[in-house]
Amino acid sequence: MSSATLETTPRNLVVATPGFAGTRRSQFPRQRPPGYFSPDADPAAVQAFFAANGYLVLESAFTPAEIEELKRETTQICRGDRGELPDHPKADVAEPDDSVLRRFLCIHFPHKCSDVMRRAIHNAPTVQALTTVIGPNVKCMQSMLFIKSSGKPGQAWHQDEDYIPTRDRSLTGAWIAIDRATQENGCLWVLPGSHKHGILWEQRWHADRRFDCAEESYDFPYRDEEAVPVEVEAGSVVIFNGYLLHRSLPNRAPEGTYRRSLVNHYMSCESRLPWGKTPEGDHNAHYDYRDIIVVAGKDPYAFKGLADIQRPSVRPSGQGGCDKWGGQGRKYRDEAPAKA
Ligand SMILES: O=C(O)CCC(=O)C(=O)O
């Protein structure tokens with residue numbers, strides 16, 4: 001468990017916002033907590049809630065037809081019909097979809113092989129909300145497609161800017177629920193307001209089977225009990241700041257069910273993006289990753305052109321161990337003594 005050891009100061013835990021525009025379109029959850037907005041919500045209320053809490057839920061951003069299309073496309077990608085994935089040969093036509101889907105926790109950069117996934121990056125209600133919380137000029141640099149069938153692990157506490165560093169703290173995730181996400185099937189959990197410190201807390205190997213091979217952040221001034229589950233309907237989008245501490249737990253729903261989500265990451269176009277390996281001879285401070293998609297406004301660095309760097313890849317679930325992750329020989333507690 002990541003827990004608070006520092007003195008805890010009063011914080012804004014889920015601040016209710018005047019002008020909150022919830023929606024009664026769906027029955028789940030019947031009583032919306034604060035922070036659930038419809039696409040036509042007052043932008044000032046959206047901005048105020050996001051600034052105080054570091055996340056919000058945009059309901060019904062995707063139509064049921066779009067969600068069905070994303071589900072079908074997810075299956076095609078996993079089967080290898082959009083190109084063979086590394087170490088995952090194309091599925092035999094006779095193999096049932098369920099059996100194929102169960103092999104995957106998450107596929108990185110699905111938009112690099114799929115028009116449907118690329119189109120989702122431009123989803124109009126999502127882009128509108130992003131311009132409200134980021135600014136008028138927005139670019140996308142990453143996508144991740146979680147399949148998370150029952151039994152698959154979650155991700156330990158972390159902050160996304162630890163992985164994708166912007167220069168102006170504008171990194172923002174848009175987590176699209178392809179299935180209804182609940183506590184049972186491993187929805188996101190957030191620590192509201194944790195983005196406001198502007199600190200990237202240290203990370204360490206957790207050795208905890210509930211989580212995949214990525215490390216956990218620790219020594220932050222919050223307790224697990226302060227976390228808020230973000231349960232959402234399919235078609236809703238959780239928008240969250242890159243400094244927000246968040247995690248997810250395993251999918252404990254019955255066999256044969258999934259918690260699919262497509263997570264796209266965005267930031268302001270004004271910021272350079274020193275992400276990935278700086279090319280030989282370039283200075284870190286000058287490096288600007290250009291495998292991007294501009295979704296709103298203008299890109300002041302358009303004169304640099306675009307790059308095509310990433311390919312789809314499969315993220316290890318940890319179920320085969322994490323020995324090879326980052327070449328660090330990580331072991332789970334039940335495998336061997338954990339490395340600190
Ligand atoms: O979807 C999940 O289970 C975790 C997603 C996440 O942590 C992220 O997108 O940064």
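## Helix 1 and its packing

Helix 1, which spans residues 43–53, has V46, F49, F50, A52 and N53 as buried residues. These buried residues pack against strand 1 (36–37), strand 2 (55–58) and helix 5 (124–133). After helix 1 comes G54, with a positive phi near 85°.

## Model and confidence

The structure described here is a predicted model. The average pLDDT of the chain is 90, and 89% of the residues score at least 70. Residues 1–27, by contrast, have a pLDDT below 50, although this stretch has 56 contacts in the model beyond near neighbours in sequence. Where pLDDT is low, predicted coordinates should not be read in detail.

## Overall organisation

Five helices and 14 strands make up the secondary structure of the chain. The chain has 340 residues, of which 41% count as buried. Among contacts with a separation of 6 or more, 79% are between residues 24 or more positions apart.

## Nonpolar core

The largest nonpolar core contains 76 residues, and the members that touch the most others are Y55, L56, I176, V238 and I239. Strand 4 (residues 138–146) contributes the largest share of this core, with five residues. In soluble globular proteins, nonpolar side chains tend to be buried together.

Which residues does I176 contact, leaving aside its neighbours within four places in sequence? I176 is in contact with F62, A120, V237, S261 and L262.

## Surroundings of the ligand

The ligand is surrounded by 13 residues, and the closest are F146, Q155, D160, S248 and V263. At least two residues of this shell are supplied by each of strand 4, strand 5 (172–177), strand 11 (246–248) and strand 12 (261–268). By class, the shell consists of five nonpolar, seven polar and one charged residue.

S60 has a positive phi near 50° and is a residue other than glycine. S60 lies in the loop between strand 2 and helix 2 (64–79). With 17 other C-beta atoms within 10 Å, S60 is partly exposed; a residue counts as buried if 20 or more such atoms lie within that distance.

F109 is not a glycine either, yet its phi is positive, at about 60°. The loop between strand 3 (106–108) and helix 4 (115–120) holds F109. Because F109 has 19 other C-beta atoms within 10 Å, F109 is classed as partly exposed.

How values were computed:
Residues are numbered from 1 along each chain as its sequence is written. This is a predicted model: local features need pLDDT of at least 70, side-chain atom pairs count only at pLDDT 80 or more; totals for chains, interfaces and linings use all residues. Helices (H or I, at least four residues) and strands (E, at least two) are DSSP runs, numbered from the N terminus. A residue is buried if 20 or more other C-beta atoms lie within 10 Å of its own, exposed if 12 or fewer, and partly exposed in between; C-beta atoms are placed from the backbone. Two residues are in contact if their C-beta atoms, placed from the backbone, lie within 7 Å. A nonpolar core is a set of buried Ala, Val, Leu, Ile, Met, Phe, Trp, Tyr and Cys residues joined through C-beta atoms within 7 Å. A residue is near a molecule or strand if its C-beta atom, placed from the backbone, lies within 6 Å of it. Ala, Val, Leu, Ile, Met, Phe, Trp, Tyr, Cys and Pro count as nonpolar, Asp, Glu, Lys and Arg as charged, and the others, Gly among them, as polar. pLDDT is the predictor's confidence in each residue, from 0 to 100.
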